[in-house]
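Please look over the sequence and the model below. A short report follows.

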There are 2 protein chains.
Amino acid sequence: MKPFLFSAVSLLLPALCSAQSTPAEVAAELVSRARTGSDAMALIGSLTTDVGPRQAGSENEKRAAAWAQQRFKELGADRVWVETFSLTNGWARGIERAEVLSPALQPLAVTALGGSTATPPEGLVAEIALFTNYDGLLAAPAGSLAKKIAVVTQPMPRRRDGSGYHATGKIRSSGPAEASRRGAIAYLCRSLATDNHRLPHTGQTDYRDATRIPAAALSVPDALLLERLAAEGAPVRIKLVLTPHDLGPVTSQNVTAEFKGRERPEEIVVLGAHLDSWDLGTGALDDGVGVAIVMAAAKLVRELPHPPRRTIRVVLFGAEEPGLLGGAAYAQAHHSELSHYVLVAEPDEGQGPVYRLRTGVANTNEPSLKAIVAALAPLGISLGDNHALGDSDVRYLARGGVPTVALDLDGTDYFDFHHTADDTLDKISPERIGQTTAAYAVLAYLAAELGGDYRAP
Amino acid sequence: MKPFLFSAVSLLLPALCSAQSTPAEVAAELVSRARTGSDAMALIGSLTTDVGPRQAGSENEKRAAAWAQQRFKELGADRVWVETFSLTNGWARGIERAEVLSPALQPLAVTALGGSTATPPEGLVAEIALFTNYDGLLAAPAGSLAKKIAVVTQPMPRRRDGSGYHATGKIRSSGPAEASRRGAIAYLCRSLATDNHRLPHTGQTDYRDATRIPAAALSVPDALLLERLAAEGAPVRIKLVLTPHDLGPVTSQNVTAEFKGRERPEEIVVLGAHLDSWDLGTGALDDGVGVAIVMAAAKLVRELPHPPRRTIRVVLFGAEEPGLLGGAAYAQAHHSELSHYVLVAEPDEGQGPVYRLRTGVANTNEPSLKAIVAALAPLGISLGDNHALGDSDVRYLARGGVPTVALDLDGTDYFDFHHTADDTLDKISPERIGQTTAAYAVLAYLAAELGGDYRAP
């Protein structure tokens, strides 16, 4: 692993950030530094170049954990540690090929959904039953899909807040099980995607108690092709070859770094992100950029002449993609200390910029919240509702009673790349992650410095 | 093959297009109809859906030829025929996989260049020698690339006139041979591409007298990744698996349709396009859209109450992609009649719109040219130089002395999709091909109706 050269902005630290500066002045200085000279771009460049894809339980995920430990030490963390946990089953992609055999010979761009079982090695050939919306599949009678490949081609809407993904998520997560229950021998869905590139979007599926059948996502142009062929009326026959396999028990790990508070070290502000990624791309946007942002934000705070009052803890979770497993393991292992957690936040919807702050706190009149909102306003961030629940890995902390803040990231183009081979460094914008890093640095600093109580009613 | 329903705009033909209309009035009416109701969208939809990819010499190319014959008959051609010709060698893609083994484990998105030879079935592993520009490769001494995989990562500039492609074309066409001459055991180049998607761009290469070595294109993000890894200084080792193979002698075909002139049927205006495509996408932009435009333009002229004076011939060439083979075969077979060809034009750079008319004629003062320029002006088309040489398939006709017109297509985004799996129907804009169809209909009609002589000095 190549030595990493962190930037040395602290040498340039202006006199403003002295012990005499007010918290608001320090926050403004953090914004300025995050937007012009944080380590976020260098970190995401290194993670995606020197490690690359890092699927849950894989050797590359372990290499990413070693990378993160080393970086945390270099950036001056007071303590860095790794907590290992078990996954019942690892999963590895195999060959994935599909083609229309009739009425026209057309290759299809497909990718297996995470957890999919395999076809026979030589593939399977069957006629499709195509549903242009998911409700059509759910309305199909039991047994009606026998010997068929069920296909759902409902599109996902493009929305800034990512709600299009959540609105159509069941097509991927539950579609294979629903098709299986109706007798289908395989399942294809239009990718949960807002792009029109020939790159299918993977993601975990969940068979629950249904018989596992081979399940894959089609790229958007391929879903449209099947719609056109089906509309012509002749039977559409497809050959599908998928050879993923279960790996049995594997381990993953959470990597945690702590930056001790100067007055109340036992009170902890938590920033999260997930270190694992899908295997197709390099996990630049999902969630390498989140990793880079929280690491760079912590470093900016670390460089202040005086640490804030409270401790800042950065947790890089493992095994998010197969179902938030690192987040669950962390919450379980740290159950007894959750009452000391002041606030938790995690970026896991791309690079931003942040456009809104939502809270999930007991008292929205807490004065430090107003200070945080005021410090974020120059970044174009407005105040939203108090219904934040904790996204991704930190969901279990929020459920465990930890107050949460959601810094909502602009996700307008996130689902053009999400879970595809296209999730690579060249999609990252220094300006966008500069703004997002600024927001996280300000949030972490003020929550740690101002001593607000977000649990008090 | 599904029955094709051509639109019935002729029923709606306004009184304007009567025998009393002037050619300029008829041209204006053709523009109006092309922009609102031509068959171009339906034709490109059918070709890409009902046939799909159609590689030179393949069964799908033959199916495309049958499709074209049928369509030409339905749209009222006076004569439709097929001329078969031989290719020394067909070529078929096989498995294509590559990955960086060290310093990081990173899969690479690659696709074999047309004509590439195979690696051993288990692949080859070697260190790379990376050149960020092609001149660097050319400057490498003989033998200096022994046991190496040569990699060239020079980018292609985005330009409206497509000149970026021509400026960097040698990286693909001659790069493998140049690498081979310097001892390299394989060759990778950054795709000739203006996009940043994880879809490599294929295209023909030409080894000439050099030893054939496995040769593939990298997607742009993968070329950037190799640049970053190489810049870190440690040796970069790659595993490459390519299993394309030569097919030996195959046949292709040109499909021609003729719409007889009412007064001088032996004088022929030729519109060309190529029916074959690369295998990765469905050849929507390259050159299905050209096929659709010239077919739809011919139908618009055919629907006029009176055919124009001269004959319009539409030639859909086979086997353009491996090296303009259909165009060469056509020019050879029709050598004796080339003196009767009035003018030739071909769209083969995407969907347009047309922004400029260039000529390759003996007399730029020919009055009918001024009429053509005037009729195209409302479409936003300006007059360029007289250096048009005949692009693609019609190059051999131009070399044989046939006057030529280039209706230059806006190629700003063409090389985002060119020769990739992404060359699919959803990239086609009805507005853009409406304008392009209008330009071709006007050109064909006026060249056939006005009787201009483009050969006279």
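## About the model

This is a predicted model, in which local features need pLDDT of at least 70 and side-chain atom pairs count only at pLDDT 80 or more, while totals for chains, interfaces and linings use all residues. Residues are numbered from 1 along each chain as its sequence is written, chains are lettered from A and ligands numbered from 1 in the order in which they are written, and side-chain values use heavy atoms, with hydrogens and water left out.

## Aromatic pairs

Over all chains, the structure holds eight aromatic pairs. Rings of Phe, Tyr and Trp (for Trp, its six-membered ring) pair if their centres lie within 6.5 Å; planes under 30 degrees apart count as stacked, over 60 as edge-to-face and the rest as tilted. One pair is B:Trp91 with B:Trp278. The ring centres are 6.4 Å apart and the planes stand at 85°, so this pair is edge-to-face. B:Trp91 sits in strand β1 (residues 79-92) of chain B, and B:Trp278 in the loop between β11 (264-274) and α8 (284-302) of chain B, so the pair ties together parts 187 residues apart in sequence. Both B:Trp91 and B:Trp278 are buried. Buried means under 20% relative accessible area, exposed over 50%, and partly exposed in between (1.4 Å probe, protein chains only).

Another pair is B:Tyr165 with B:Phe415. Here the centres are 4.6 Å apart and the planes meet at 25°, so the pair is stacked. B:Tyr165 belongs to helix α5 (residues 163-173) of chain B, and B:Phe415 to the loop between β16 (404-409) and α12 (430-449) of chain B, so parts 250 residues apart in sequence are tied together. B:Tyr165 and B:Phe415 are both buried.

## Charges over rings

A:Arg79 lies over the face of A:Trp81, at 3.7 Å from the ring centre. In chain B, B:Arg79 lies over the face of B:Trp81, at 3.7 Å from the ring centre. A charge sits over a ring if NZ of Lys or CZ of Arg is within 6 Å of the ring centre and within 35 degrees of the ring normal.

## The open sheet of chain A

Eight strands of chain A form an open sheet. Their order is β3-β2-β9-β5-β6-β7-β8-β4, and the pairing is mixed. The edge strands are β3 (106-108) and β4 (110-112) of chain A, and each pairs on one side only. From one strand to the next, the twist averages 30°. Helix α8 (residues 220-231) of chain A packs on this sheet. Among the strands that α8 touches are β2 (96-102), β6 (149-152) and β7 (186-190) of chain A. The direction of α8 makes about 135° with that of β3(A). Axes are lines fitted to C-alpha atoms, for helices over the stretch in contact, and angles run from 0 to 180 degrees between N-to-C directions.

Within the sheet, strand β5 (residues 124-131) and strand β9 (residues 237-242) of chain A pair in the antiparallel sense over four bridges. A:Ala126 has A:Ile238 of β9(A) as its bridge partner. Two strands pair if DSSP finds at least two bridges between them. Helices (H or I, at least four residues) and strands (E, at least two) are DSSP runs, numbered from the N terminus.

## A covered helix and strand

In helix α10 (residues 325-333) of chain A, the buried residues are A:Gly326, A:Gly327, A:Ala329, A:Tyr330 and A:Ala331. Their cover includes β1 (79-92), β12 (310-317) and β13 (341-345) of chain A. β13(A) is mostly covered too, with five of its five residues buried. Strand β11 (residues 264-274) of chain A and β13(A) pair in the parallel sense over four bridges. A:Tyr341 of β13(A) is the bridge partner of A:Ile268.

## Two residues of chain B

B:Arg237 lies in strand β9 (residues 237-242) of chain B. B:Arg237 is partly exposed, at 38% relative accessible area. Leaving aside neighbours within four places in sequence, its contacts (heavy atoms within 4.5 Å) include B:Glu99, B:Leu101 and B:Glu127.

B:Ala371 is placed in helix α10 (residues 367-376) of chain B. Its relative accessibility is 31%, so B:Ala371 counts as partly exposed. Beyond neighbours within four places in sequence, B:Ala371 is in contact with B:Leu446 and B:Leu450.

## Where the chains meet

The contact takes 35 residues from chain B and 35 residues from chain A. The two chains bury about 2500 Å² between them, 49% of it on carbon and sulfur atoms. Buried area is the accessible area (1.4 Å probe) that two parts lose on being put together, summed over both. B:Thr49, B:Arg198 and B:Glu232 supply 23% of the area that chain B buries against chain A, more than any other three residues.
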